[in-house]
Amino acid sequence: MSIKSLGDPFSGESDLRHSKSCGCEACATGKHHHAGHDHHEDTYDLASMPAHSDMAADGAASPSGKLASSEEMLDRAIESAVVRSVFGHNEISRRSFAKMVGSGTMMAALASVLPLDKVKAAILDDLGTPEKTKLNIGFVPITCATPIIMAQPMGFYEKYGLDVDVIKTAGWAVARDKSLNNEYDASHMLTPMPLAITMGAGSTATPFLMPAVENINGQAIVLHNDHLDKRDPKQWKGFKFGVPFEYSMHNFLLRYYVAEHGLDPDKDIQIRVVPPPEMVANLRAGNLDGYLSPDPFNQRAVWEKIGFIHTLTKDIWEGHPCCAFACSKAFADEMPNTYGALLKSIVDATQYASKPENRKEISAAIAPTNYLNQPVPVIEQVLTGRYADGLGEVKNVPDRIDFDPFPWHSMGVWILTQMKRWGYIDGDVDYKKIAEEVYVAADCAKIMKDLGYEAPDSTYQKYTIMGKVFDPDQPEAYVNSFPIGKGVS
């Protein structure tokens, strides 16, 4: 944890965020630790620090002014997390309130309704020392990976005692293979990928877990400007479309969408796998007529005046999952404390990203070359939902992309029905068993509650997708209800 970022949560002068005002040298200089760069001078493993350390820095002193011990720094970290949660992680509100009433009054007011000593004791009783603190996590440079990416420059990994390299990855096949080869401890993945890997669809069968969804919504169908007069999907026969991976929501949503308009995606159009960073170039070159892609590459096509947004995927399925945080079951089993600390980091970052007022700050944090390598205005249009559509209008859709970590089992069942429908898996499928083994909703719910967030009481729900109701209790009937599909009997 970066000790210099442990400011006083009861002080209106202390900034608890990683920013130029937090006092951390890395923040002041903008030199945060990232892949390929060593930055250990202000990072310490609290679990291994001696009880009375001589190491201290601004913002980490004890109330007496003496050097902070590891126990005192853990207390400070817990106080910071509790206070930030009380104020909904809104740093401006916290600081304004602290300045208005004073730190002593603020501390007393909080203690009167929330016994901090008991909270600290409960958290410390449950906090195991990470078996491994230095981790490699892969990500594909898209806005769906926002929580995984922002958790590094904004200090969420450090907050839970981890030193994480987030490693930019060219595409999903690379992310899968590096995860299977243990080059990555965990990875940003598409929500169908852990299901496919576990079942051996497209790779060697290896048990994988998906304890958290990264984003919901956040995708779009983009068409080349040459097709401004072809807004009706029935006109798309012969079109070449890009998707980022076979085992992706993009592939399954595109197939669902065109099939609902009467086209067979395996006969009437061509679907090609194209890594997200190459989508715009292929659209410009005429290799694609359109794509269903993650952002920021939908907005980038508009920015470069090459394409237009035909529809947002939220208008196909409101609240659909897209990307996720995943790891092998072996990693979770062999290093449960590390797994728990990592999941806390991700869930905490995801909840922070879910608040609209934080989106501009996050856009700036994830824009640099080592992350998304995109202009900040492009990312802001995606995250804030105020964007140009390429058709002459400026839209305001605040939930164009949203962030909700809970991995609903019903989402997993729906994905499996589409894998069956389009021939990616065959034979009898125990939909709920597989979904419940891979989508570890219980782990996510526990972490959410530990961090003071609400978690759903159930793990299944029905969805309405383009007017058709999906009932997770009737998956095989759902597969067979479609007139178009390879796995339809």
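Predicted model: local features only at pLDDT ≥ 70, side-chain atom pairs only at ≥ 80, totals over all residues.
1. Overall composition. The protein chain contains 20 helices and 16 strands. Of its 489 residues, 57% count as buried, where buried stands for under 20% relative accessible area.

2. Surface and contacts. The accessible surface of the protein chain is about 19000 Å², and carbon and sulfur atoms contribute 50% of that area. When contacts between residues at least 6 apart in sequence are considered, 74% of them join residues at least 24 apart.

3. The five-stranded sheet. Five strands form an open sheet in the order β8-β7-β9-β6-β10, and their pairing is mixed. The edges are formed by β8, residues 270-273, and β10, residues 307-312, each of which pairs on one side only. From one strand to the next, the twist averages 25°. In general, the strands of a sheet pair through backbone hydrogen bonds, in either a parallel or an antiparallel manner.

4. The β7-β8 pair. Strand β7 comprises residues 240-243 and pairs with β8 in the parallel sense, over four bridges. Within this region of the sheet, valine 243 stands opposite valine 273, the latter belonging to β8.

5. The helix across the sheet. Helix α10, residues 249-260, lies across β6, β7, β8, β9 and β10. Of these strands, β6 spans residues 219-224 and β9 spans residues 290-294. The helix runs at about 140° to β9.

Note on methods: Residues numbered from 1 in each chain as written. Heavy atoms only, no water. Pairing = 2+ DSSP bridges. Helix = DSSP H or I, 4+ residues; strand = E, 2+ residues; numbered from the N terminus. Axes fitted to C-alpha atoms, helices over the stretch in contact; angles between N-to-C directions. Contact = heavy atoms within 4.5 Å. Buried < 20%, exposed > 50% of the residue type's maximum accessible area, 1.4 Å probe, protein only. Areas by Shrake-Rupley, 256 points an atom, 1.4 Å probe, with all protein chains shown as cover.
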